[in-house]
Amino acid sequence: MARVFNWQIGREMSYWYPEARPKKQFAAIFDTNKCIACQTCTLACKTTWTSGRGQEYMLWNNVETKPYGFYPLGWDVRLMEKLGAQRWDGSRYEGRTLFEAAEAGERVLGWRPEEIDYAHPNVGEDDCTKTIDKGAHYHGFHEAWFYYLARICNHCTYPACLSSCPRASIYKRPEDGIVLIDQGRCRGYQECIKACPYKKTFFNPMTGTSEKCIACYPKIEQGLQPQCFVNCIGKIRMAGFISTPDQARPDNPIDYLVHIRKVALPLYPQLGLEPNVYYIPPRHVPRPYLAQMFGPGVDQAIAACNKSADDPDLSALLALFGSTEWVMPRWKRVGDTVMGLREDGRELVRVPVREPVWILKALDQARGVSRMNIT
Ligand code: SF4
Ligand code: SF4
């Protein structure tokens, strides 16, 4: 085991391979407050990448209703139970990561889902106050809150899938940090499926190999955002590249939201993978639940978001989500307009920070009609 630095847990940790950060690291931010669980992202991915034989159950992108939605069943709560107590001291994680908690002879603490665990992706999870006759649904009662958690592979800095593979079939591209499985090398041992805590590798019984989200790398190579991003109805997603905290650039939208304003947080940072999908946490959910899921930065992130209406830069950047199919390496605000820019400063898109609103009269006398929707 090597010693590597994981900035998300504020300390060094053990990892199977030495630290080797890519030139650029693909990253994404999802604003959970805007997701409507329409599953358009899920279908955009499904129809692009996983419509073949053996891929029927695969959802490289899925959206689950927390706290009771899972894909596969119980993916996070089962692991939390195995890992045991997770203690933070401020921004430093004092508990064990999955690599440090690995059992003798293993590289990662993990578990392998059964086929049945993939049987019910987000079925009935929104039915929060009553049971459903004869339905194969959750038959208890939700608390008075739930929210939607969209998930893809996190293209982790320290991928558990990669470290667990005895064939060294999984690699992280040096040019953009995207994690891929070499289909020619994979022999289907499924160690990655056991190791990935987010359960974002999938075994294909037809090919006998494992497969996973590829961050739509053919699009990324052309400067375009992945399919699940550009098709997102709620405009909750932004793709880009993240720096390490010491290199953070305020004109990089991902750096700005993650490192500078600290409003976007990693998913289960305590597991130790340094995942690169970041979440603006939901505002209405009990804080202890969120702190376990997104780490100790939750209070600060929500406080900043709650004040975003009076915060010109933050509200401007949030308005850029879903505004273009291009990856925006840079951004700037001028007055009430925010722009997404190419690396060389050329403009990709501009949007108003606040949408103009026209209120029309309910009765249009010129046309002799009444309007139903007048804003
Ligand atoms: S989320 Fe899972 S599959 Fe993706 S890089 Fe991390 S460990 Fe690997
Ligand atoms: S398309 Fe966007 S809004 Fe719809 S479920 Fe996916 S992430 Fe949520």
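User: How many Å apart do the C-alpha centres of domain 1 and domain 2 lie?

Analyst: This is a predicted model, in which local features need pLDDT of at least 70, side-chain atom pairs count only at pLDDT 80 or more, and totals for chains, interfaces and linings use all residues. Residues are numbered from 1 along each chain as its sequence is written, while chains are lettered from A and ligands numbered from 1 in the order in which they are written. Domain 1 covers 2-230 and domain 2 covers 327-375, with bounds from an automatic or database domain assignment. The separation of their C-alpha centres is 35 Å.

User: Which residues come nearest to ligand 1?

Analyst: A residue is near a molecule if its C-beta atom, placed from the backbone, lies within 6 Å of it. The shell around ligand 1 divides into nine nonpolar, three polar and two charged residues; Ala, Val, Leu, Ile, Met, Phe, Trp, Tyr, Cys and Pro count as nonpolar, Asp, Glu, Lys and Arg as charged, and the others, Gly among them, as polar. Of the 14 residues around ligand 1, the nearest are Cys153, Cys156, Pro159, Cys161 and Cys196.

User: How many residues of the shell around ligand 2 are charged?

Analyst: Cys35, Cys38, Cys41, Cys232 and Gly234 come nearest among the 14 residues around ligand 2. Helix α1 (40-49) and strand β7 (147-151) each supply at least two residues of this shell; helices (H or I, at least four residues) and strands (E, at least two) are DSSP runs, numbered from the N terminus. The division is 11 nonpolar, three polar and, for charged, none.

User: Why do the buried residues of α8 lie on the same side of the helix?

Analyst: In α8 (residues 287-294), Leu290, Met293 and Phe294 are buried, that is, 20 or more other C-beta atoms, placed from the backbone, lie within 10 Å of their own. The buried residues pack against β13 (265-266), β14 (277-280) and α9 (298-306), where contact means C-beta atoms within 7 Å.

Note on methods. Buried ≥ 20, exposed ≤ 12 C-beta atoms within 10 Å, placed from the backbone. Contact = placed C-beta atoms within 7 Å.
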